[in-house]
Amino acid sequence: MQSKAEKEIVKGEIKENFQEITQEDHDIFFKVVSFELTPEQKKKIACPDRQFPRQKSVLAVHWHPEFIPMELISQRIDTLYPHRENELIIPTQHNEIMEYKGFAGVEVDCYSKGFNQKVQILLHFKDTNVKKAHTLKKMLAHTFKYRSSQLFDFMDTIIRPHTRRIETAAGQTGADPELIEFVRIHVKKIETLIDQHSSSLPPQVMKNKVLRNFFDCLRPQYGDPFINRIQTYLTAVKKIVKADFPLKYFFRTSEIIEEARSLNAGIVIPHPEQFWPVLLAGYDVDGVEVWNPQSHRYTDFLISVLQDMNAKNEKYQRKLLILMGDDTHFGEKIKDSNSRNGGKPQREIGVQPSWDDLEIGKKLIKGNVSRERVIQEYKHRLSI
């Protein structure tokens, strides 16, 4: 039995008018790029289905509000941790400084020339110091714009097919010509709609995920099996585009760190196991994230490394802090279950299980490390 897509595209022959942008296409597009939340979505954020009444300290210095209002996130935190006594909660949106209750933060994409790789660093500030961050804000605006350009390379690869990239992705995923053509037609529609409405679209929507989200909205029409195949193919194309993305237009890591230090920012290396050489680069940082939902294989080892580094540098007063990051993406929490991205929706702000792991706890105790001590010390550094 033929699927709806196969009936519309058979051996490269396109059903009449299939390429035209319909009202349904318009509706799906504006649903994907809209930041307006429904009452149900607001409730999903403000009213979590679990609580942590025994957790007295909340350390959350790596999380992404995305387009979710801070007041809803604040309500969620109050519900999650009703008996908390101390906290350090700082948002770290990608390449965009955001503030929350006296502190501000950002996760910055930058380029480490020594090992020819894009890396990310977390910057944290007292909110009063952000007012002086004129140069840093310009650097972040450039980085934000450059990262957004990857979406257009992604779409261009599919629409005006970049033969090598498409053939490689098809070979990796088994995508047939009909599926590839179906994707090309719909990505062309997305590009056209972006061009038509570019003046009114918020810059924050110009991300690769706009394609994933658009195709997820086609599930009722075309069914999960077909859309799942499309998502597998899109992911393969995206990875190839990202691998080819030139790094020279990012600011160098050392440049970002230098500018951040001039503002008395705290600096943390997140998920280091994704780019091990960063630990050897000798960057001027405050701490390293040893646990993250997608980077936790070497937590025990990283704690040992940091404790050894601190022991060897006892003459320096400022030791490297051991931190953990929940890497929560709040936009994932309001998606339909069949559109969610892996385990991201299950991540929770302030939830980092390794702090309470009994085996890891032995090492932390030996190093006199705890959530409470890290909160106290890092707050002090940011407030000097």
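Reply: Lys126 sits over the face of Phe103, 5.0 Å from the ring centre. A charge counts as over a ring if NZ of Lys or CZ of Arg is within 6 Å of the ring centre and within 35 degrees of the ring normal. The model is predicted: local features need pLDDT of at least 70, side-chain atom pairs count only at pLDDT 80 or more, and totals for chains, interfaces and linings use all residues. Residues are numbered from 1 along each chain as its sequence is written, and side-chain values use heavy atoms, with hydrogens and water left out.

Now the ring pairs. The whole structure holds 15 aromatic pairs. One of them joins Phe29 and Phe30, edge-to-face, at 5.3 Å centre to centre and 80° between the planes. Rings of Phe, Tyr and Trp (its six-membered ring) pair if their centres lie within 6.5 Å; planes under 30 degrees apart are stacked, over 60 edge-to-face, the rest tilted. Phe29 is buried, at 1% relative accessibility. Phe30 is partly exposed, at 34%. Buried means under 20% relative accessible area, exposed over 50%, partly exposed in between (1.4 Å probe, protein chains only).

Phe35 and Phe67 are stacked: 5.0 Å centre to centre, 0° between the planes. Phe35 lies in the loop between helix 2 (23-33) and helix 3 (39-46), and Phe67 in the loop between strand 4 (63-64) and helix 4 (70-80), so the pair ties together parts 32 residues apart in sequence. Helices (H or I, at least four residues) and strands (E, at least two) are DSSP runs, numbered from the N terminus. Phe35 is partly exposed, at 30%. Phe67 is partly exposed too, at 28%.

Finally, Tyr146, Phe245, Tyr249 and Phe250 form one aromatic cluster.
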